[in-house]
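Trainee: Please take me through one part of this protein at close range. I would like the sheet, strand by strand, and then its setting in the chain.

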Amino acid sequence: MTQKTAAAKAPPKPETKAPAKTPAKPADSFTLTDNASGKSWQLPARTSVMGGRLIDIKRLYGDTGVLTYDPGYTSTASCKSDITYIDGEKGVLLHRGYSIDELAEKSDFMEVCYLLLYGELPTPEQKTSFESDIRIHTLLHEQLISFYNGFIRNAHPMSIMVGVVGALSSFYHDSTDITDIGARRLAAHRLIAKMPTIGAYAYKYSLGMSFPTPHNDCSYSENLLQMMFSNPAEKYKIDPVLAQAIDRILILHADHEQNASTSTVRLAGSSGANPYACIAAGIASLWGPAHGGANEAVLKMLDEIGSADRIGAYIKKAQDKNDKFRLMGFGHRVYKNYDPRARVMRDTCHEVLEVLGVEDPKLKLAMELERIALEDDYFIKKKLYPNVDFYSGIIMKAMGFPTSMFTVMFAIGRTAGWISHWKEMLRDEDSKIGRPRQLYLGAKAREYLPLDRRGHTDKKVSWAWLWGG
Ligand code: SDX
């Protein structure tokens, strides 16, 4: 059969309609199906440089009218970032790709500030210039110093930090146009430079002592040391071991991805608020005992436990669902392995105590507590390990810092991270004012009740219940 006849004889091909255009699946995506309606949507996947895949739900509500519910952001990325990477399962912490172990051992806090802000370790010239940029901003305006007199002498230093750093905005509000990169850079340098001075003055104020000025011939950590512990009646000799230990403590606290206080700074900054006010908001969030206040809480807990024979009872308390007690310095939202900072902090703790010739029974108690907890099934099952706060308080106490100053030290170190995230957020084209939604479980629409018809509800509630006692 010739080609032609064959073609003539073949039945006409049924009219096949082009398939309805289903939205093309993005290259890499997840499918969301609503079992109630049977509808499905394609949600694009985003891939982290370190391999993790995320569901991009930016358009979810717009496309589906459905919200997600995730109190505490346990499964939600609030932003994209290049600054810090944490692998909680492996106990890995990288700042711009460099491991915290290497930075703690080989770098210094000024270098880490530069790395967090600019993404690369500084060249010798860049480091010298950055250090001098910071050095020229360590002094406080004399009128800002008068703010301290408004506090009661035994005010918690973190309350002073929140107040004085917030007040910084009153000195620079008019000169801080956050759309201007020069103003952003200046604000970042001012905040990094002034935090040690503001923190040290909070301590001196509690002692009724005069405020030492920062010295330009001191390093950042040497300055913090001499402003904290110098006595105007004597020549202060800087102990290089203590200065080095302070520098390492600041490095270990410098940044940690989207933790509560950093997220607070980002959320405050997303409205265009003054950077000094944003950092004051971060300080307020850090103060909580579940976050940066844990180092102070660890020492209080060790005092309460008192001796190794009482550890078992406290480990039991920590597991009791009806007991609000938690083992302070243990557990972490992200680390389900040893916090790499805790390891470095523990080693530094041994070094400092040895050099200082301090036999701190609290260190022995802490190590015994760590040993018992890490062998306990509950802690193993829940993957609860010591975090950065478990050992930091012991070192700082040995160095002479009062317990109430531990979180101030945390805030001084973390300011580098906070301001780097603030800077990154302002440059992020995806960035917009943070405005989470909610799962509403309140009253349905109801009419106003005149005064004479109220109080007849049968629902009796106690103040304790109302206040979540
Ligand atoms: C910091 O986010 C960061 O990166 C923070 C930080 C940073 O550098 O910015 O790393 C600094 O804040 C370190 C954490 C310091 N806080 C503490 O040491 C306080 C004690 N730790 C806990 O409060 C707690 O572990 C958190 C707050 C740190 C983490 O809490 P999560 O992620 O909300 O975990 P969770 O409370 O849901 O705990 C999971 C389970 C719970 O039991 P179940 O409800 O599943 O039965 O583990 C239990 C918790 O009860 N648990 C603990 C515990 N921590 C968690 N039980 C006893 N003791 C603990 N310390």
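**The sheet and its setting**

Mentor: Three strands make an open sheet in the order β4-β5-β6, and the pairing is antiparallel. The edge strands are β4 (84-87) and β6 (98-99), each of which pairs on one side only. Pairing here requires at least two bridges found by DSSP between two strands. Strand β5 covers residues 92-95. Four bridges join β5 to β4, and the two run antiparallel.

A word on the basis. This is a predicted model, in which local features need pLDDT of at least 70 and side-chain atom pairs count only at pLDDT 80 or more, while totals for chains, interfaces and linings use all residues. Residues are numbered from 1 along each chain as its sequence is written, and side-chain values use heavy atoms, with hydrogens and water left out.

Now the setting. The protein chain has 20 helices and six strands. These are DSSP runs, numbered from the N terminus: helices are H or I with at least four residues, strands E with at least two. Along the principal axes, the C-alpha atoms fill a box of roughly 115 × 70 × 55 Å. Of the 469 residues, 43% are buried (under 20% relative accessible area, 1.4 Å probe, protein chains only). Contacts mean heavy atoms within 4.5 Å. Among contacts with a separation of 6 or more, 69% link residues 24 or more positions apart.

Conventions: Buried means under 20% relative accessible area, exposed over 50%, partly exposed in between (1.4 Å probe, protein chains only).
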